[in-house]
Amino acid sequence: SLRLINTLVTSNTTTQSGGGIYNLSGGLLQLINSAVINNVAPSFGAGINTTNAGTVILTNSIISNNRATGSSSSQGGGIIVRENSTVILYNSLISLNQSGGTGGGIDAGGSGLVTLINSAVISNTAGARGGGLSGGLRWTLRNVTISGNRTNGHGGGQMVAGTAQLQLANVTYSNNTDDANNWLLNFSGGNHFITSDSAAHQVCL
C-alpha cells in the first residue's frame with residue numbers, strides 16, 4: 001500500500017496509462033491533503049489509473065487538469081476505475097480534467113465501484129460521453145455537486161449504462177451540457193435508487 005500526505009503529483013507523462021499514478025493488483029492507494037495535477041496519458045487514467053481490484057481513497061484532495069489525450073477510446077481524464085476496483089472520495093474535488101473518449105472526470109468502466117462524499121465534480125470534459133462521470137457498476141453519491149461538465153455525446157454530468165446502480169442523496173446536477181440530446185444525466189438501463197436528490201430535469205431512462 002501507499003499513503004501520500006501533503007503531496008503534489010504533477011506534470012508527468014506516460015505512453016500508455018496512469019499518467020500520474022498507476023495502482024494495480026489489489027493495491028491500496030491513499031491520498032490525504034494531496035493533489036494530482038497536469039498529468040497526461042494517451043489511453044486510461046491520466047491522473048490515476050486503478051485496476052485489478054485496486055482501491056484508491058482520497059481525502060481533502062484534488063484531481064485537476066489531467067488529460068487523457070487519445071481519440072474516442074481514451075477513458076478517465078481524472079481517474080479511471082477498472083476491473084473490479086474501488087475509488088472513494090471524501091471532501092475532494094475533480095475538476096478541469098479531459099478525456100478524448102469517456103469520463104472526463106472519472107470513468108468507472110463496467111465494473112468500478114465509486115463513492116463520493118462531500119465532494120464536487122466541476123468543469124470536466126469528454127469527447128464521447130460522460131463529461132463528469134461515466135460507466136460504473138455502482139455509484140454512491142452523497143452531498144455532491146456535479147456542475148459545468150460537458151461532452152460531445154450523451155450525459156454532460158453523468159452517463160450510467162448497463163446494469164449499474166446509482167444511489168444519490170443530496171446531489172446537485174447543474175449547468176452540465178452535451179451535444180447529443182441535452183441530457184444532464186443519462187441512464188441507459190440499470191437500477192437506480194434516488195433519495196433526497198435535486199438532480200434535475202432532463203433525464204433519459
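Predicted model: local features only at pLDDT ≥ 70, side-chain atom pairs only at ≥ 80, totals over all residues.
Gly157 is buried, with a relative accessible area of 0%. Where does Gly157 sit? In the loop between strand S20 (150-151) and strand S21 (158-161). Now look across to Leu133. Gly157 and Leu133 are 24 residues apart along the chain. Their C-alpha atoms are separated by 6.5 Å.

Next, the overall picture. The protein has 26 strands and zero helices. Of its 205 residues, 51% are buried. Take the contacts between residues at least 6 apart in sequence: 81% of them join residues at least 24 apart. The accessible surface comes to about 8000 Å². Carbon and sulfur atoms hold 47% of that surface.

A word on confidence. The average pLDDT is 87, and 87% of the residues score at least 70. Residues 189-205 are another matter, with pLDDT below 50. That stretch still has 45 contacts in the model, beyond near neighbours in sequence.

On to the sheets. In what order do the six strands of the open sheet run? S6-S10-S14-S17-S20-S23, with parallel pairing. S6 and strand S23 (177-178) are the edges, and each pairs on one side only.

Ala41 is in strand S6 (residues 40-41). Is Ala41 buried or exposed? Buried, because its relative accessible area is 0%, and the cut-off for buried is under 20%. So an edge strand can still hold a covered residue, as Ala41 in S6 shows. Who touches Ala41? Leaving out residues up to four places away, the list is Thr14, Gln16, Ser17, Gly18, Gly19, Ala46, Arg67, Ala68 and Thr69. Ser99 is 58 residues from Ala41 along the chain. The C-alpha separation of that pair is 9.5 Å.

Now the other end of the sheet. Strand S17 (residues 125-126) and S20 run parallel, joined by two bridges. Thr125 has Arg150 as its bridge partner in S20. Thr151 is also in S20. Thr151 counts as buried, at 0% relative accessibility. Its side chain has a polar atom 3.1 Å from the backbone nitrogen of Gly153. Leaving aside neighbours within four places, Thr151 contacts several residues, including Ala126, Gly127, Gly156, Thr177 and Asp178. Check those against the strands. Ala126 falls in S17. Thr177 and Asp178 fall in the edge strand S23.

Five bridges join S4 to S8. Five bridges also join S8 to S12. Both pairs run parallel. Gln30 has Ile57 as its bridge partner in S8. Thr59 stands opposite Tyr90 in S12. Which side chains of S8 point to the buried face? Val56 and Leu58.

The largest nonpolar core has 31 residues. Which of them touch the most other members? Ile106, Trp139 and Leu141. Several elements give two or more residues to this core, among them strand S4 (28-32), strand S8 (55-59), strand S12 (86-90) and strand S19 (138-147). As a general point, nonpolar side chains in soluble globular proteins tend to be buried together.

Stay with Trp139 a moment. Not counting residues up to four places away, Trp139 touches Ile106, Ala108, Val114, Leu133, Ser134, Gln158, Val160, Gln165, Leu166 and Gln167. Note Leu133 in that list.

Most residues other than glycine have a negative phi. Asn6 has a positive phi of about 55°. Asn118 has a positive phi of about 50°. Neither is a glycine. Where are they? Asn6 is in the loop between strand S1 (2-5) and strand S2 (8-10). Asn118 is in strand S16 (residues 113-122). How do they stand for accessibility? Asn6 is at 59%, so Asn6 counts as exposed. Asn118 is at 39%, so Asn118 counts as partly exposed.

I'll stop there.

Conventions: Residues numbered from 1 in each chain as written. Heavy atoms only, no water. Helix = DSSP H or I, 4+ residues; strand = E, 2+ residues; numbered from the N terminus. Buried < 20%, exposed > 50% of the residue type's maximum accessible area, 1.4 Å probe, protein only. Contact = heavy atoms within 4.5 Å. Pairing = 2+ DSSP bridges. Core = buried A, V, L, I, M, F, W, Y, C linked by side-chain atoms within 4.5 Å. pLDDT = per-residue confidence, 0-100. Polar contact = N/O pair within 3.5 Å; in protein donor to acceptor, adjacent residues only side chain to side chain. Areas by Shrake-Rupley, 256 points an atom, 1.4 Å probe, with all protein chains shown as cover.
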